[in-house]
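These are my notebook entries on one chain. The sequence and structure are placed below, and the entries follow.

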Amino acid sequence: MSGTGIGVDIGGTTTVGVLVTPSGEVVGRARAETPARRGAAAVLDTAAGVARRLLDQAEQATVGVGSAGTIDPATGAVRYATDSLPGWAGTRIADELERRLGRPVRVDNDVNAAAIGEAWTGAAAGLTHVLLVAAGTGLGAGLIRDGRLDRGARGAAGALAHLPVPGAERLRCGCGRYGHLEAVASGTGLATAYKLATGETVTGRQVAARAADGDPAAAEVLARAGEALGRALAGLVALLDPQAVVVAGGAAAALLPAATPVYVAELLPAWADVPLLPAQLGDEAVAVGAARLGMEEPTQ
Ligand SMILES: [Zn+2]
């Protein structure tokens, strides 16, 4: 690893870029709206444009990318993606960006990149065993073991969304099946539960805002979601034995107050000192982790 690195987070609404020093300090920023509806080529052009603006400040910088979807780590191509980026599945992100930028590009899933970022300079800085949970519209996780990302056998480890949990039996998950954690503890899950309780259609973010304003139905929905998440995370701590669990994403602040006491109560004594922490890098976590990824020596 040498020199500065550029990280680009290709999200469904915004493409976020950072330029970081070898120690992870963010010294440059660029961002653009993601033209998701205009298709994969337009999204790639935008990502390349964000990277180029940062390359103007550091010509020799390496480039890493974090993207929504399941990414094949060997090829940097998208295996599977939701419709937040229409036509994204099958896109060869690494090849396409290498062609546009004239240098190697490392690509990984956005939640994996966030885990790398938070374990580098964020809430879990310096720790080598970290479970990062991203609770936004959906729910995902990234796992750092022995200081390295554990991607699993097919690059798909951390699909926390589909953990079966009690109380979700009648709720449909984003995958189409019933009974999974994402159907409860995510922005989508909050919105669905609130609609079932009140008949009103609002977003997960609005459910959190209403709970803060004293709406009892919203508070109940949040409490149930937080409990389900807290219990599931305590179980995962027993499986994975991390030093810390970090919760990131747009729904994290809403879920943590209810999740934390349940998590603490459910932890077995062996893991009583494993904290449940809010993420620290905000909406730059993916980009910072992607920059770190790009700085690593190529594996092939
Ligand atoms: Zn599912």
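I took two strands as paired if DSSP finds at least two bridges between them. Helices (H or I, at least four residues) and strands (E, at least two) are DSSP runs, numbered from the N terminus. The model is predicted: local features need pLDDT of at least 70, side-chain atom pairs count only at pLDDT 80 or more, and totals for chains, interfaces and linings use all residues. Residues are numbered from 1 along each chain as its sequence is written, and side-chain values use heavy atoms, with hydrogens and water left out.

Entry: the sheet. I found an open sheet of 5 strands with mixed pairing, in the order S10-S9-S8-S11-S12. S10 (148-149) and S12 (276-278) are the edge strands; each has a single partner strand, so one side of each lacks a neighbour in the sheet. I then looked up S8 (residues 130-135) and S11 (residues 244-248), which run parallel and are joined by 5 bridges. Val 133 has Val 247 of S11 as its bridge partner.

Entry: helix H4. Gly 199 follows H4 and has a positive phi, near 80°.

Entry: a charge over a ring. I noted Arg 292 over the face of Trp 120, at 5.6 Å from the ring centre; the rule requires NZ of Lys or CZ of Arg within 6 Å of the ring centre and within 35 degrees of the ring normal.
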